[in-house]
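I opened a new notebook page for this structure.

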Amino acid sequence: MAASASPEAAAPRGAMTPVPHRVVSRVQETADTWTLELEPLGDPDAQQVRPRAGQFDMLHAFGVGEVPISTSGDHDGDGPLTHTIRAVGAVSRALCALEPGSFVGVRGPFGTEWPLADVSGDLVVVAGGIGLAPLRPAIRHALERRAEYGAVSVLVGARTPQDLLFVDELERWRARLDAEVDVAVDAAAAGWHGRVGLVTTLIPGAVVDPGKASAFVCGPEVMMTFVVRALLERGLALERIWVSMERNMRCAVGHCGHCQLGPTLICRDGAVFPAGAMQRLMEVREL
Ligand SMILES: Cc1cc2nc3c(=O)[nH]c(=O)nc-3n(C[C@H](O)[C@H](O)[C@H](O)COP(=O)(O)OP(=O)(O)OC[C@H]3O[C@@H](n4cnc5c(N)ncnc54)[C@H](O)[C@@H]3O)c2cc1C
């Protein structure tokens with residue numbers, strides 16, 4: 001089952017030319033990660049198509065460069081675009097430093113979606129680090145339409161408690177009686193009362209029925225490789241597991257070949273892929 005929405009179907013905000021937007025809010029999530037809300041300059045109606053859960057925009061820091069960043073907000077409604085960005089290099093650092101009122105260019109939306117419409121049974125969402133940002137819209141969607149799903153399990157891994165994203169929202173999700181939220185950190189100092197270990201250690205205990213569960217996974221590639229293996233060991237079917245491949249890219253429209261991975265272009269065919277299409281490729285380090 002392929003993820004839906006072809007890249008050609010959606011790029012009205014400018015497939016190649018960045019459309020100027022203004023930063024309307026900037027929230028620091030962790031020491032190196034910020035969430036920006038963006039609105040188009042001028043007529044807000046100019047922003048007609050919003051990224052759907054799993055899709056990404058190319059964000060352009062003027063004078064520095066452009067990078068792909070997934071939507072971390074809701075695709076319903078007409079609020080600002082929301083992107084959560086980890087500062088790792090020149091462009092992401094420049095974006096994270098933008099104060100409200102600053103300008104940013106936006107191309108998109110691009111890419112495939114988390115296949116929420118194809119999931120009707122149980123859902124397990126597994127996030128590692130910044131991978132929770134691209135998954136947040138899918139989690140919100142499932143929790144807002146709770147009756148459409150079976151058991152919902154959200155498993156989150158981070159390096160330390162200080163690296164956890166959206167802590168208040170995680171607590172609100174955790175307080176619900178109709179969903180399981182479990183968090184593990186790789187390392188913690190005294191005072192952390194949660195689990196310590198890799199996110200894969202949460203999979204055997206997840207409340208879902210593997211026979212009717214689907215899984216969405218996003219995080220570093222090595223984490224996704226081990227998570228997919230653990231989900232298979234738990235009994236989930238490979239064709240019901242999806243991963244988001246956040247490899248670097250340039251054009252986002254399938255022309256430059258920068259994001260080629262084996263026979264696929266991540267920007268054109270992903271970034272959300274059925275895990276079966278990526279499993280072997282993810283395990284070959286040189287690709
Ligand atoms: C479809 C897609 C969606 C993404 N969504 C998000 C998101 O929601 N939030 C977010 O913070 N980041 C996201 N990324 C990653 C983000 O695009 C990169 O961090 C960014 O391109 C780095 O550019 P830079 O110029 O800041 O750093 P660079 O100087 O290019 O790189 C700095 C360091 O980061 C590493 N790096 C660069 N690109 C990536 C990458 N794609 N994945 C992992 N490591 C990388 C480099 O190897 C280097 O070590 C996404 C990437 C893709 C392809």
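I took helices (H or I, at least four residues) and strands (E, at least two) as DSSP runs, numbered from the N terminus. The model is predicted, so I kept to its rules: local features need pLDDT of at least 70, side-chain atom pairs count only at pLDDT 80 or more, and totals for chains, interfaces and linings use all residues. Residues are numbered from 1 along each chain as its sequence is written, and side-chain values use heavy atoms, with hydrogens and water left out.

**Entry 1: the ligand site**

Which element gives the largest share of the shell around the ligand? I found that β4 does, with four residues. β4, β5 and α1 (90-96) each supply at least two residues of that shell.

I counted a residue as near if one of its heavy atoms lies within 4 Å of the molecule. There are 19 residues around the ligand, and Pro68, Arg86, Ser92, Glu246 and Arg247 come nearest.

Next I looked up polar contacts (pairs of N or O atoms within 3.5 Å). The side chain of serine 92 has an N or O atom 2.5 Å from an oxygen atom of the ligand. For arginine 86, a backbone N or O atom lies 2.7 Å from a ligand oxygen. A polar backbone atom of glycine 89 is 3.3 Å from an oxygen atom of the ligand. I noted that the ligand taken alone exposes 870 Å², and the protein buries 69% of that. These accessible areas come from the Shrake-Rupley method with a 1.4 Å probe.

**Entry 2: the sheet**

I counted two strands as paired if DSSP finds at least two bridges between them.

Arginine 22 has phenylalanine 103 in β6 as its bridge partner.

Proline 109 has its place in strand β6. Another joins glycine 270 and alanine 271, with omega about 15°. Alanine 271 lies in the loop between α5 (266-269) and β15 (272-274).

I also noted phenylalanine 166, a residue other than glycine with a positive phi, near 50°. Phenylalanine 166 lies in the loop between β8 (152-158) and α3 (167-175).

Methods. A polar contact is a pair of N or O atoms within 3.5 Å; within protein, one must be able to donate a hydrogen and the other to accept it, and residues adjacent in sequence count only if both atoms are side-chain atoms.
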